[in-house]
Amino acid sequence: MKFLCSVFARAVFVVFLIFIVAVRDDCMGQQSTSDLSEASLEELGSIQVYSASKHMQSSGEAPSSVTVISAEEIQKQGYRTLADILRTVRSFYVTYDRNYSSLGVRGFARPGDFNTRILLLVDGHRLNDNIYDEAMIGTEFPVDIDMIQRIEIVRGPVSSLYGSNALFAAINIIIKRAEDVNGLELSSAVASFNTYKGRISYGRALKRFKFLVSGSFYGSRGQRQLFFPEFNAQETNNGIASHADDDQLGTALATISFHDFTLEAVYGTREKGIPTAAYETVFGNRGTRTTDSHGYADLRYEHTFRGSWDVLARAFCDRYTYQGTYIYPSPVNPAQLDPNIDSADGKWWGTELQLTKTVLNKNRVTIGGEYRDNIRQNQGTHDLNPYLLLLNDERQSFVGALFLQDEAKLSKSLALNLGFRYDYYSSVDSSTDPRAALIYRPWSKTALKAIYGEAFRVPNVYEKYYSVPPNAPNPALKPEKIRSTEFVWEQSLSDRLWLSASAFHNTMYDLITQQPLDDGSYIFRNIQKAKSDGIELEVKGQSSNGFEGIASYSFQDGHDRESDSSLSNSPQHLAKLNLIQQVFRGNLFASLDAQYRSGITTFMGSSTSPFAIVNVDLLGRKIGRHLDLSAGVYNLFGKKYYDPPSTAVSLDSIQQDGRTLQLKMTWAVGAR
Amino acid sequence: MTSRPPSQSWFVPLGLALSLLLLGQQPARAQLVSEYQVKAAYMYNFAKFAEWPASAFTGTADPIRLCVLNDPPFYSQLVLIVKDKTIAGRAVLAVPVQNGLQARGCHMLFIDSSQTGEAVHLLESLQGSTVLTVGETESFVDQGGIIGFVMQSGQVHFQVNHKIATQSGIRLSSRLLIVAKRVIE
């Protein structure tokens, strides 16, 4: 292990040297400003630009620590899922229990937490469901990754704008518009473990009318055999689960815009075989699986009225369903099986209004309100052999909220951002969440930010009412709360090099955590108090010879005040590296991303080892004008590494995939 | 029990710090092709293909002023682009401005996307002036702006509202109109 880590450290050094050489070379380089000013109109239109640098510059204005990932990066790096993208983001880490992917941010990820402390948005539409509050980031994410135009990630508590769940980060996925596709696109991919992917998209942008439709499927047989040492016994097939790792997904997307109105419909359904004997099911039985489906329709209206009033109005309805089939031995006849059917059915609609206006020339004021009506929050569980109804819980609730934000320019170099949101819940106590950010730009290349924010999460119906043994319900749960202080320094070191550093301190109160009881059952309680401190450092560079790179390091120290020990599921060190190099100034790109994660103590008390993995991708664009071809190798060195388990799984750790491959081709024809 | 990280992992922050030191000393001489640089180069090109009425200038030596509204990063790019440039015997000047009033002396005005909210108000106040307004939102040309940048597949293109340009007394060459992705007549 030590050896591998030192190999990684050396690799990082080497890469940094390349980084330096690439940028340094460029400083002495040939292409100068005057070249660009001599370029003709036509030439300018053909230059591929890096808009990321602009985001970086404008993020200096943002009242938080922001990361933006563009479609360009997604394509060049050969990312396969949203989880693939998020694991490359500074201070983020993803763990996979071979069913759902869990996201940890700044050293915080609770076991069995279905990403409830992260808010996931698609074009500003909330995606966390109304039963488990789950942010689905793996293959279960209902939008095809190729249809993402960019991802905006805001770190820190942002409940002052978005309400519940925005404790550690808000991730907004912006979907491509009709003009980004502009014609017909066909895409297909083949990958390891008999994995096939296909997509068809068509977009047209007319003067005032635009539309985009896209559909995709994904099917993977998964690993043929998975070995779990915890089950290494004769009666459990020597710990080998065969053909039990299948994964299939279908997605559909449609957007229609007319003048200032946009109607967006999204649907995704995923079925996953669970090879880990989750919830003490029969090991290796292929019948144990879950299906999650989420669909919504969202109508929004955006307009700038006379007198510079910006209006955003939105109305939406969502449906989320889950069905889990869990295979147990039958209690009446142990030779037979007893499938247990666990299901959830959520339905909600809501509306949102937001007005923004600049007043007194210096204040940009946003005022808004939101209403969400959970018309169905049902959970059910029954056994089939013999039939036994275990749970039939039907709930309804609503939430209303008002929010106010003011971005004030106090002077040329000083800006103050104040936000405040009040959320009224029919089911639990209301919450008031303030946020304040002071942004100081002493020079045009420097931004200093001091941020204070609070955020909350209401207990969901699963935590409150799921009462199938060994789970005990707890209807008296209250919302949990976080208070966070952060300092950010953003510096432009040169025309092509940026630095961003931040330090944070988070304190969590009334944390909703699953606890064992004396009678062997489990209950969610507001007990844990925790704090975490940390620092983050990121360097981003570009050069005119087509090189882009981001390197980041983060250190976080999580402490559980209740048990006076370090937080479980919390790595202390994370390091990331993302490099893209354009080859021969043409349409060929080589990219590399690498992640290092230090060891994690699991909630079971076991630990996982530190590891580093490297993924590489080669992309050729516009081959014969219409074809994009890419080849990716993931976990290039075949590193054997493990993730901590979720509470669903009675394993010490879960081995992850070794080296895998993906070949992808996209054929686009249209007015590009 | 926490698992201690291996000491080697400190190479990572060390490496970061080291490369920072090395890179920090590099002079910023050459050019990366950022979105802003391409847009700044476009600004200079637009000036080449636009003709302002004589009333827009105080005299034959009066420079062409390309103004940037509250956007220091873009302004610094434009300064590099127009350095030592002349168009039809006039010097080209990059000028930072803070509000619409200051913009009245400009020949061209760049309004970045973060100021879209103010843009409509600003465009109203600039009506009847000879300022060629350049924005970077899709709806800019529909809201009364003259040239609006649009991004398509990572490339910078532009749209033109020829009608407003003509009303403002600015003549745009046909070459510019041909290259434009959309022209409102």
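"Buried" here means under 20% relative accessible area, "exposed" means over 50%, and "partly exposed" is anything in between (1.4 Å probe, protein chains only). This is a predicted model, where local features need pLDDT of at least 70, side-chain atom pairs count only at pLDDT 80 or more, and totals for chains, interfaces and linings use all residues. Residues are numbered from 1 along each chain as its sequence is written, chains are lettered from A and ligands numbered from 1 in the order in which they are written, and side-chain values use heavy atoms, with hydrogens and water left out.

**View 1. A buried salt bridge joins R98(A) and D245(A).** Side chains of opposite charge can pair when their charged atoms come close. To count as a salt bridge, a side-chain nitrogen of Lys or Arg has to be within 4 Å of a carboxyl oxygen of Asp or Glu. Here R98(A) and D245(A) meet at 3.1 Å, N to O. R98(A) sits in the loop between β2 (92-96) and β3 (101-105) of chain A, while D245(A) is in the loop between β12 (240-242) and β13 of chain A, so to speak a link across 147 residues. (Helices, H or I with at least four residues, and strands, E with at least two, are DSSP runs numbered from the N terminus.) Both R98(A) and D245(A) are buried.

View 2. Over all chains, the count comes to 49 salt bridges. In one of them, D533(A) pairs with K531(A), with the closest N and O atoms 3.3 Å apart.

**View 3. Aromatic rings pair up inside chain B.** Rings of Phe, Tyr and Trp (its six-membered ring) make a pair if their centres lie within 6.5 Å; planes under 30 degrees apart are stacked, over 60 edge-to-face, and the rest tilted. The structure has 29 aromatic pairs over all chains. Take Y36(B) and F74(B): their ring centres are 5.0 Å apart and their planes stand at 80 degrees, so this pair is edge-to-face. Y36(B) belongs to helix α2 (residues 35-48) of chain B and F74(B) to helix α3 (residues 72-82) of chain B, so the pair ties together parts that are 38 residues apart in sequence. Both of these residues are buried.

Now look at F110(B) and F149(B), with centres 6.4 Å apart and planes at 55 degrees, so that pair is tilted. F110(B) is in strand β5 (residues 108-111) of chain B and F149(B) in strand β7 (residues 147-152) of chain B, so this pair ties together parts 39 residues apart in sequence. F110(B) and F149(B) are buried as well.

**View 4. Charged ends sit over rings in both R395(A) and R90(B).** A charge sits over a ring if NZ of Lys or CZ of Arg is within 6 Å of the ring centre and within 35 degrees of the ring normal. R395(A) has its charged end over the ring of Y465(A), 3.5 Å from the centre. In chain B, R90(B) lies over the face of F57(B), at 3.7 Å from the ring centre.

**View 5. Strands line up in an open sheet of chain B.** Two strands pair if DSSP finds at least two bridges between them. Eight strands make this sheet, in the order β3-β4-β2-β5-β6-β7-β8-β10, with mixed pairing. At the edges stand β3 (86-87) and β10 (182-184) of chain B, each with a single partner strand, so one side of each is left without a neighbour in the sheet. Strand β6 (residues 132-135) of chain B pairs with β7(B) in the parallel sense over two bridges. G135(B) stands opposite G148(B) in β7(B).

**View 6. Strand β30 of chain A is mostly covered.** Nine of the eleven residues in β30 (residues 573-583) are buried. With strand β28 (residues 547-560) of chain A, β30(A) pairs in the antiparallel sense over nine bridges, and S554(A) stands opposite L574(A). With strand β31 (residues 588-597) of chain A, the pairing is antiparallel over ten bridges. There, Q581(A) has A590(A) as its bridge partner.
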